[in-house]
Amino acid sequence: MENRAPLDVIATSLRRHRARAGLSLTEVAKRAGVAKSTLSQLESGTGNPSVETLWALAVALDTPFAALLDPPRPKVQVIRAGEGPAIYSDQADYSATLVASSPPNARRDIYRIVVAPGPGRKSEPHMPGVVEHVILGSGRALVGPTDEPIELLPGDYVAYPGDLPHLFQALEEGTTATLISEHV
């Protein structure tokens with residue numbers, strides 16, 4: 001099982017998206033609220049980026065989060081449970097594994113989420129127009145807008161604005177979900 005962030009893919013993606021945006025290392029770091037040295041390390045393929053750092057960089061570069069993680073894929077793709085590029089949170093026992101990024105001319109990314117009970121992962125607003133869809137696979141969780149999260153049981157579905165502060169908080173061990181981030 002590969003638990004390390006796909007650092008070479010992230011490094012290449014960050015450099016490509018920064019060049020596309022015509023921004024300096026200093027400007028992207030400033031917009032994302034991260035140290036210039038952190039961005040430099042990530043662009044050189046070192047460091048250990050958190051979900052929060054990568055989201056901030058994606059927003060600063062005006063690019064979908066998944067575009068920083070997704071290497072080229074074959075036409076038929078199988079990702080077994082426990083495999084794939086996992087990114088971990090600094091805030092909670094939370095991991096997000098990119099299952100499928102949005103293909104050209106489509107605007108959605110799919111993640112497998114694994115969360116342990118605790119304070120939960122509070123997410124800052126994403127790019128304008130983002131909607132998140134969650135289907136709980138196992139366990140029990142509070143999911144949705146930070147001010148009004150919804151309790152989900154296995155098989156439950158919720159959609160909420162991803163461009164507002166939101167929360168994913170597991171209420172019991174073994175909580176898993178599928179999250180679809182839709183970019184409108």
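First, the ground rules. The model is predicted, so local features need pLDDT of at least 70 and side-chain atom pairs count only at pLDDT 80 or more, while totals for chains, interfaces and linings use all residues. Numbering runs from 1 along each chain as its sequence is written, and side-chain values use heavy atoms, leaving out hydrogens and water.

The overall chain, then. There are four helices and ten strands; helices are DSSP runs of H or I with at least four residues, strands are E runs of at least two, both numbered from the N terminus. In sequence order the pattern is α-α-α-α-β-β-β-β-β-β-β-β-β-β. Of the 184 residues, 45% are buried, where buried means under 20% relative accessible area, exposed over 50%, and partly exposed in between, with a 1.4 Å probe and protein chains only.

Now Thr175. This residue lies in strand β10, residues 175-183. Thr175 is buried, because its relative accessibility is 1%. Setting aside neighbours within four places in sequence, Thr175 has contacts that include Ile113, Leu136, Arg140 and Phe168; a contact means heavy atoms within 4.5 Å.

Glu148 sits between β6 (141-145) and β7 (150-152), and it counts as exposed because its relative accessible area is 57%. Its C-alpha atom is 9.2 Å from that of Leu167, 19 residues apart along the chain.

Asp62 is in the loop between α4 (51-60) and β1 (86-88). Asp62 is exposed, at 58% relative accessible area. Its phi is positive, about 55 degrees, although Asp62 is not a glycine.
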